[in-house]
Amino acid sequence: MPTEPAGQPISEPISESTDDPYEDHEPMRVLAAMSGGVDSSVAALLLQRQGHEVVSVFMRNGVAGKSAQEKSCCSASDARDAALVAGRLGMAFYAVDYATEFAALMDHFAAEYRRGRTPNPCVLCNQHLKFGHLLSLADDVGADAVATGHYARVVDGELRTARDANKDQTYYLFGIERAALRRTLFPLGELTKPEVRAIATEAGLVTADKPESMEICFVTSGDYRDVVRARGGSGQPGRFVAADGRELGRHDGVDGFTVGQRKGLPALGVPHYVAAIDPTSGDVTLVPRDGVEKRVMFVDGLRWLCDAPADGAAVAVRVKVRARHEPAAAVVRADGARARVEFAAPVAAITPGQAAVFYDGERVLGGGWIDGSN
């Protein structure tokens with residue numbers, strides 16, 4: 001029976017003043033990011049009902065599908081829906097061109113796959129665009145805060161999980177600057193998705209029954225490899241190999257694989273999974289399931305949303321290694337911007353390029369980018 005790893009928990013609130021300037025919902029001007037979906041529509045509506053002056057903004061990503069079936073979640077129809085909601089609610093509405101910024105995200109996305117890594121562009125979009133550029137835009141329009149339709153909460157200046165665990169999106173938000181949380185509102189943090197749709201229906205919003213978009217906004221075809229190959233070509237072709245180096249087959253490029261993947265591999269009698277990707281040789285190592293279970297993970301690019309622990313200090317946390325992963329007990333030992341994470345029990349499919357996010361109960365402590373495991 002695995003035991004909890006030994007480590008010092010971070011259980012005290014952050015040391016900064018915990019007076020939340022927005023907790024009483026005093027009227028202010030808020031810049032609300034609207035995607036044309038039901039969540040952001042209801043977030044803007046709730047802010048308005050709280051007495052705030054809401055200025056809505058739609059972020060154009062400059063991406064369009066080649067057909068009606070290929071569409072971005074930031075498409076022209078989404079911009080129309082966002083404008084219709086803003087018009088119904090009597091809000092100022094702006095559509096801002098972020099095509100250059102999204103192009104940089106797409107370049108990074110493609111480059112990571114060619115390096116044998118699996119990127120998470122939604123985390124970077126939140127970090128640099130929604131809670132980076134939009135905060136600057138908020139200053140330009142005289143807004144006190146920025147709001148989005150994410151399912152998350154800010155309590156006493158800390159990022160905390162949403163009440164609805166099935167919808168919680170804090171995994172994608174760990175990269176926000178700590179200071180930015182003081183100017184961030186998440187109106188949906190206490191609600192469930194059915195409650196959000198019910199509010200939209202009652203208010204007569206055109207987005208009330210709109211299907212949820214679960215795909216990466218710039219992958220309009222549904223196949224991420226189309227983006228990779230359009231932005232510099234596919235990754236190195238090569239071999240499928242066993243852990244002992246035996247060749248098991250050939251493939252067309254490392255960009256088609258991610259650690260933990262099972263589908264699209266050679267038939268080997270028993271299920272195999274991708275355990276490692278070598279972007280130089282093109283070797284993709286395949287192993288049975290127990291071969292992708294690891295106890296130790298290495299993380300780079302650490303960002304803390306609490307007071308950072310001393311280098312080398314053992315800190316007991318729970319860690320998500322992907323968005324739908326149940327947080328696993330672990331001990332983190334940081335060394336500057338890097339950390340060694342040791343899990344209490346083996347964790348499957350620890351994937352380089354993905355985010356690792358640290359939790360203490362409902363509090364989000366911070367996180368970083370997975371750089372390897374053993």
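The model is predicted: local features need pLDDT of at least 70, side-chain atom pairs count only at pLDDT 80 or more, and totals for chains, interfaces and linings use all residues. Residues are numbered from 1 along each chain as its sequence is written, and side-chain values use heavy atoms, with hydrogens and water left out. Helices (H or I, at least four residues) and strands (E, at least two) are DSSP runs, numbered from the N terminus. Buried means under 20% relative accessible area, exposed over 50%, and partly exposed in between (1.4 Å probe, protein chains only).

**Aromatic pairs**

- The whole structure holds 9 aromatic pairs. Rings of Phe, Tyr and Trp (its six-membered ring) pair if their centres lie within 6.5 Å; planes under 30 degrees apart count as stacked, over 60 as edge-to-face and the rest as tilted.
- Phe131 and Phe186 are edge-to-face, because their planes stand at 70 degrees, with ring centres 6.0 Å apart. This pair links distant parts of the chain, 55 residues apart: Phe131 sits in helix α4 (residues 121–140), Phe186 in the loop between β7 (184–185) and α5 (193–203).
- Phe131 counts as buried at 3% relative accessibility. Phe186 counts as buried at 9%.
- Phe240 and Phe257 are also edge-to-face, because their planes stand at 85 degrees, with centres 5.3 Å apart. Phe240 is in strand β8 (residues 238–241) and Phe257 in the loop between β9 (247–251) and β10 (273–277), 17 residues apart. Both residues are buried.
- Phe109, Tyr113, Phe218 and Tyr224 form a cluster linked by ring pairs.

**Helix α4**

- The helix has a kink of about 30 degrees centred on Leu134. The bend at a residue is the angle between axes fitted to the seven residues ending there and the seven starting there.
- Buried residues of α4 include Leu124, Leu129, Phe131, Leu134 and Leu137.
- Just after α4, Gly142 has a positive phi of about 75 degrees.

**Nonpolar cores**

- A nonpolar core is a set of buried Ala, Val, Leu, Ile, Met, Phe, Trp, Tyr and Cys residues joined through side-chain atoms within 4.5 Å.
- The largest core has 46 residues; Leu31, Leu134, Leu159, Phe186 and Phe218 touch the most other members. Helix α4 gives the most to this core, with 9 residues.
- Leu134 touches Leu31, Ala33, Val57, Met59, Tyr98, Leu129 and Val146, not counting residues up to four places away in sequence. Contact means heavy atoms within 4.5 Å.
- A second, separate core of 32 residues includes Val30, Leu89, Met91 and Ala203.

**Strand β16**

- Strand β16 (residues 355–360) is largely enclosed by the rest of the structure, because 5 of its 6 residues are buried.
- Two strands pair if DSSP finds at least two bridges between them. β16 pairs with strand β13 (residues 314–320) in the antiparallel sense over 3 bridges. Tyr359 in β16 is the bridge partner of Arg318.
- β16 also pairs with strand β17 (residues 363–373), antiparallel over 6 bridges. Gly366 in β17 is the bridge partner of Phe358.
- β16 and β17 form a hairpin with 2 residues between them, and Gly361 in the turn has a positive phi of about 65 degrees.

**His272**

- His272 lies in the loop between β9 and β10. At 15% relative accessibility it counts as buried.
- A polar atom of the His272 side chain lies 3.0 Å from the backbone oxygen of Val270.
- Beyond neighbours within four places in sequence, His272 is in contact with Gln261, Arg262, Leu265, Leu286, Val287 and Pro288.

How values were computed: A polar contact is a pair of N or O atoms within 3.5 Å; within protein, one must be able to donate a hydrogen and the other to accept it, and residues adjacent in sequence count only if both atoms are side-chain atoms.
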